[in-house]
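This report covers helix packing and aromatic ring pairs. The sequence and structure come first, followed by the notes.

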Amino acid sequence: MISADDFYKVMCAMVPLYFAMLVAYGSVKWCKIFSPEQCSGINRFVAVFAVPVLSFHFISQNNPYEMDTKFIVADTLSKLLVLVLLSVWAILFKGGLDWLITLFSLATLPNTLVMGIPLLNAMYGDFTQSLMVQLVVLQCIIWYTLLLFLFEYRAATLLIKNQFPGSTAASISKFEIDGDVISLDGRDPVRTESEIDGNGRIRVRIRRSTSSAPDSALSSSMGITPRASNLSGAEIFSVNTPAPLHEYHNGNADIAFGNGDLGFGYRSASPRLSGYASSDAYSLQPTPRASNFNELDTTTITTTNTPFWVRSPVAGKVYRQQSPAFSGVRMVWESPGKCNGGGGERQGCKDVFQDSSKFPVAEEEDPKATATGQDMPRTHVMLRLILTMVGRKLSRNPNTYSSVLGLLWSLISFKWNVGMPSLVKYSIKIISDAGLGMAMFSLGLFMALQPRIIACGTKRGTMGMGIRFICGPILMSAASIAVGLRGVRLHAAIVQAALPQGIVPFVFAREYGLHPDILSTGVIFGMLVSLPVTLLYYILLGL
């Protein structure tokens, strides 16, 4: 039976965290103390310093040689069980990869670091801190990496279906990715350039459309000066900010048919440059910089019928192509010879009008037909592409380094009984002590800048809360009982499964444009209702 002292102890642990969140919310929503740009700076500090240092602090103090095997196995088994059930549902009932990713995030990835450690410590004692840290390590190193892999796989399939429809993609033998392409999430528009060898195999180069593309010289010669971007990172907090479209530039989707002089380009409505960093507190984002985006290389949703200029990669020709929104597209390329202007005769200049139906240009197809007739590159080609993107994404996330370094130090420290030098220890401690408070303060800022608490609507919001606070704990309890977990550790496992939605899944959902409203509701509304829900579980389990 839970006593009044136990209840008061939990309140003493949790009220200060909610107080920090309330102060941040009021300072923006009611007092207007912070502007969106200032909130962006605060959140960047939390993302780059406060939370990574807090993670390092907890992980480095945890003894990895005394891990609770049953607890770890129960948590792993519950996540695998959810993944298997969702996979079967997606295959048999056509649920799709999109909902698999979203539902997996909702059911299995709670906010263990910020909420789990203080809450479970107050409820069940100091030994739960070690259990929660073990889950944090697994989340950062395994489960978030798996989630990122799924997001990048989804983004890669969208790119391939868009640029290489039908059976064309099966001929792709290699992807070459420029060093400045960090992800296929669509926040930075990318273009594909392809080459076909003598055996009919396609080599695809993926590059940013804002990099030094070959047609940048074309814009310079025509007198178009790159403009500085007036977009800031302030929009990252608004769920209403339009998500980046998963559409990609393609300078030459397929090239060199016949004599090798004629290439053609296909591009759907061009995605605009992203004006938001798409995270709130837990992902390192680039600082907004001047845009060198080529104005000739852009179209908008309202001007998809406008021709655009691209350059043939084979012979250096410049040609003009109509938007692929029309069937029977015609295109023109010009030879390097001089052409007389006005109404005079064109000399040394060759116009070629070719019906695009003679080439395998992507046309609008029935979605069902596209889904069934789309081929993909070989498994090892796709795997290499996705692993490259995942590696680059993780290499720019400070939480990756904090988790790995914390684990390495704990392995060394507890193996050979080596203590951290006081100079380093207290330097880390001064930032980590502010980590929990700043993380909750950052969440308060994020909540205040949202137009609605329940951004996804009542129906989806109710579904998300049910999965988060009912299905998650039920599956966790089943897995825990199956591996023989009993007593206080079983109670701790169930309560931690009922924690609010983790921040990192929302960051990924925002960046990749996949149901960010649902994950945002899970973070905001889940944070509000998680305390009474976890207290209810705590009381029921204590009966």
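## Handedness and the α2–α10 packing

A crossing is called right-handed if the near helix is turned clockwise from the far one by less than a right angle, and left-handed if it is turned anticlockwise. The model discussed here is predicted. By that convention, the crossing of α2 and α10 is right-handed.

The axes of α2 and helix α10 (residues 398-416) come within 8 Å and cross at roughly 20 degrees. Angles under 35 degrees count as roughly parallel, and α2 and α10 are therefore roughly parallel to each other.

On the α2 side, the contact is made by Ala47, Val48, Val51, Pro52, Ser55, Phe56, Ile59 and Ser60. Their partners in α10 include Pro398, Leu405, Leu407, Trp409 and Phe414, along with Asn399, Ser402, Ser403, Gly406 and Ser410. By class, the contact of α2 with α10 holds 11 nonpolar and 7 polar residues, and no charged ones.

## The α5–α12 packing

Helix α5 (residues 112-124) and helix α12 (residues 435-448) have axes that come within 10 Å and cross at roughly 125 degrees. The crossing of α5 and α12 is left-handed.

In this contact, Leu113, Val114 and Met115 of α5 meet Leu436, Ala439 and Met440 of α12. The contact of α5 with α12 consists of 6 nonpolar residues, with no polar and no charged residues.

## Aromatic pairs

The structure holds 8 aromatic pairs. One of them joins Phe45 and Phe49, whose ring centres are 6.0 Å apart and whose planes lie at 35 degrees, so the pair is tilted. The cut-offs behind that label are under 30 degrees for stacked and over 60 for edge-to-face.

Phe45 and Phe49 both belong to helix α2 (residues 36-60), and because they are 4 residues apart there, about one helical turn separates them. Phe45 has 36% relative accessibility, so Phe45 counts as partly exposed. Phe49, at 44% relative accessibility, also counts as partly exposed.

Elsewhere, ring pairs link Phe151, Phe508 and Tyr512 into a cluster.

Conventions: Residues numbered from 1 in each chain as written. Predicted model: local features only at pLDDT ≥ 70, side-chain atom pairs only at ≥ 80, totals over all residues. Heavy atoms only, no water. Phe/Tyr/Trp six-rings, centres within 6.5 Å; stacked < 30°, edge-to-face > 60°. Helix = DSSP H or I, 4+ residues; strand = E, 2+ residues; numbered from the N terminus. Buried < 20%, exposed > 50% of the residue type's maximum accessible area, 1.4 Å probe, protein only. Axes fitted to C-alpha atoms, helices over the stretch in contact; angles between N-to-C directions. Contact = heavy atoms within 4.5 Å. Nonpolar A, V, L, I, M, F, W, Y, C, P; charged D, E, K, R; others polar. Parallel < 35°, antiparallel > 145°, perpendicular 65-115°, else oblique.
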